[in-house]
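Please work through each task before reading its solution.

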Amino acid sequence: MYTKWQMTFFLFLGIVNAGILLCIAAKMIADSEEKAEKYALAVFLTSLFAVLSVALGLNNPAGIINILAKPGTGLSSAVISLAVSAVFGLVLFIRKPSGMYIAFASAAVSAAVIFCLSKLYMISTRPALHTFLLLSLFIVLSVQFASVLAVTDSSCSNSFFRKKSIISLCILSVSVLLFAAFILRIKMLTPPDRILSFEQLTSGSLAPVMWGAVLTMFVIPALASFIPALRKQPALNTIFRLSAALGIFLLSILINQMPAMTGTVGGGRILF
């Protein structure tokens, strides 16, 4: 299994960061007087460690300056967006602001992070990733992670729990469909464009990673929505959150199994 671990952690922390930002936005919209510092520190730490994972993966850590000097490239824009997220999270944690403007700012930073992450991977030399399905999957996974955080938040009332559970199930359903479409698209690619085969993902060397991602991203978090009684146990809520995060990490491993090919391959695939 070929894995660039620094990029795996970068992608994982980036998607989780975007999800936490969306959770802050949702909580501000639901209750504009609620303080955001509960998740602000997590926003700061995930974005900080994401940037560090790239810097420490370089032969010369000072090379991060060279990356930032080229904001038009995918990696540079992704690093910059997460650096902005780190500053935003730190400001939220220190200043402890509240209000609707925090919700809109959090959503905007989250969108920027997801867009820049997708830009990093949606390139023609990565045919399996050169599709708007990947951007859609990143968006929905960040929204799904935010919904898991919200549904398992014990500070909310039971009635609000039930409302969020229905929304969470809808988001989960969309995530499953997009993930299935993304995997089936790999099967449709011709061998020269398909670095990973569909069989390798479903029954080969990468099958434990893929099916583990399905279990932790979709099956276990779904229990939190289907069975509200499970959410009354704080330990189970922690398991649901960790499971959703682990699923994103396993998906990040899969995505980073697809190294760039030499030259431009399979042009015109961007729409699907």
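**Exercise 1.** Determine how many aromatic pairs a search of the whole structure finds, and classify the pair of Trp5 and Phe249.

*Solution.* Rings of Phe, Tyr and Trp (its six-membered ring) pair if their centres lie within 6.5 Å; planes under 30 degrees apart count as stacked, over 60 as edge-to-face and the rest as tilted. Helices are DSSP runs (H or I, at least four residues), numbered from the N terminus.

The model is predicted: local features need pLDDT of at least 70, side-chain atom pairs count only at pLDDT 80 or more, and totals for chains, interfaces and linings use all residues. Residues are numbered from 1 along each chain as its sequence is written, and side-chain values use heavy atoms, leaving out hydrogens and water.

**Exercise 2.** State whether Trp5 is buried, partly exposed or exposed, and do likewise for Phe249.

*Solution.* Buried means under 20% relative accessible area, exposed over 50%, and partly exposed in between (1.4 Å probe, protein chains only). Trp5, at 40%, is partly exposed. Phe249, at 16%, is buried.

**Exercise 3.** Classify the pair of Phe12 and Phe249.

*Solution.* With 5.4 Å centre to centre and 80 degrees between the planes, Phe12 and Phe249 are edge-to-face. Phe12 lies in helix 1 and Phe249 in helix 10, so the pair links parts 237 residues apart in sequence. Trp5, Phe9, Phe12 and Phe249 make up one aromatic cluster.

Methods
Helix = DSSP H or I, 4+ residues; strand = E, 2+ residues; numbered from the N terminus.
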